[in-house]
Amino acid sequence: MDKDGENKSKQTSSKCSREHLQRTSRSMSFHGGSSGRRPTASPSTGKNSVEAGNSSKGKERARLMLNPEKNHKPEKYDDLELDISPWIFSSLERYLPRHLLRAPRDLKVNYMREILHDYAPPSLRYRDQKQREYREKIMSNYLPLHKELYTIDPVAFFVPTFLKAINDNTEQSFRRIMSEPAPGIFTFEMLQPRFCELLISEFENFEKWVNRRTFCVMRPNTMNQYGAVLDDFGLQTMLNKLMEYFICPLSKVFYAEIGGSTLDSHHGFIVECGLHRDVETEFHVDDSEVTLNVCLGRQFTGGELYFRGMRCDKHVHTISRSEEYFDYSHVPGCAVLHHGRHRHGARATISGHRINLLMWCRRCFLILLVFVPAYIMFFHFQENFAGVLFLEKCKSIKEISLAGVLIAITRRKISCVQHMILPEWYC
């Protein structure tokens, strides 16, 4: 490209970025038309905090601390009727002012709800409300077949070697039972055969119930036309404990760079592959920080997983290097643990019927980027590309439309903000 063409390209890119920014600025509003909320010193702690909520005489604005209290163990909010997902409240609790961390739960809920309603878009609240109604409708009518699955029983669920490694809770104990056939991919024996059979039986019972009632069930994702989301029919609590007590210890050691120690939400589901089911799974990356994939069983041939190295969304289909190739054949009861951004797919199950349990484990990235938005670390920021984040490892451009960024932009001052939160995520 000649010099003139390059200059025109830069001018066009700059113009597009400014237009996007203007559209975004108009689409987001703050109470009273305020240009934003400024970090201020908290009266109770003297440390910086983020203001949120309406200001009125006699009422102090709700505040969040810029840095979370890492040693604080947040409460559970699953039993409350909330219009935003309970895990968001649990994650946000660590950012409360110190004097509120040990306050009664109802007080903390009201405080956080004010902030969340201030920032959360109506579409998020609507989606969560619809999902709760959908699950309530199922659980008020569906009768579980194996009630012992709904509360976790480590001895009944896991093979002794896995349970011992988790109880010892050291990297050495984990590596004794795990193989790492490719960087960042771990395989190990995990589930008891009896547990696998019970979970398959429960899933098939749910499918029969759905078919009898001609109930429209939500499938796990856009790639799978068969299978079911386990959280939808009551297994959410069991899966939460599975992630917290049995996956997090592993991810804390092996995936620390992507926040493996702070996983706080999940998407757990069953997939079915074979004749008259999903035959194969297309090449993709998962919507997770860490993925657990366990074959539950049935007789089958084919269905191998193939891995081709880590990439971001924009570069899923770039060419793989030879050292990134790894294929894995499923074994009932055995698990594969891998980075969510590790590109992979599943080959066709050419005979029989294969059923797998998958858990997409996530950290509360949404809180860091949306609800504590003004304090994001920018790797590279160019004045002509206001509102665009350059990810150093990927070099791809990601548009962002966050409240805190708009605060800086509306003042025409794009600069590094002090006391920023650096998300433990990268392309």
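What follows covers a pair of helices and then the cavities.

Keep in mind that this is a predicted model. Two spots are picked out here: the place where helix H6 and helix H9 cross, and the largest cavity, with a volume of about 170 Å³.

**Where two helices cross**

- Start with H6, which covers residues 160–168, and H9, which covers residues 236–254; their axes come within 10 Å of each other.
- The axes cross at roughly 70°, and since angles of 65 to 115 degrees count as roughly perpendicular, that is why H6 and H9 are described as roughly perpendicular to each other.
- As for handedness, the crossing of H6 and H9 is left-handed.
- On the H6 side, the residues that make the contact are Phe162, Leu163 and Ile166. Across from them, H9 brings in Tyr245, Phe246, Pro249 and Leu250.
- Sort the residues of this contact by class and you get seven nonpolar ones, with no polar and no charged residues.

**The cavities**

- Searching the whole structure turns up four cavities of 30 Å³ or more.
- The largest cavity, at about 170 Å³, is lined by 19 residues.
- If you want to find its centre, look for Val271, Thr281, His284, Asn293 and Leu358, the lining residues closest to that point.

**What lines the largest cavity**

- Strands S7 (263–274), S8 (281–284), S14 (342–346) and S15 (349–363) each give at least two residues to the lining.
- S15 supplies the largest share of the lining, with four residues.

Technical notes:
Residues numbered from 1 in each chain as written. Predicted model: local features only at pLDDT ≥ 70, side-chain atom pairs only at ≥ 80, totals over all residues. Heavy atoms only, no water. Axes fitted to C-alpha atoms, helices over the stretch in contact; angles between N-to-C directions. Parallel < 35°, antiparallel > 145°, perpendicular 65-115°, else oblique. Left-handed = near helix turned anticlockwise from the far one by under 90°. Contact = heavy atoms within 4.5 Å. Nonpolar A, V, L, I, M, F, W, Y, C, P; charged D, E, K, R; others polar. 1 Å grid on protein atoms, 1.4 Å probe; cavity = no way out; pocket = protein on both sides within 12 Å on 5 of 7 lines; lining within 4 Å. Points joined across faces, edges and corners; volume = space filled by probe spheres on them.
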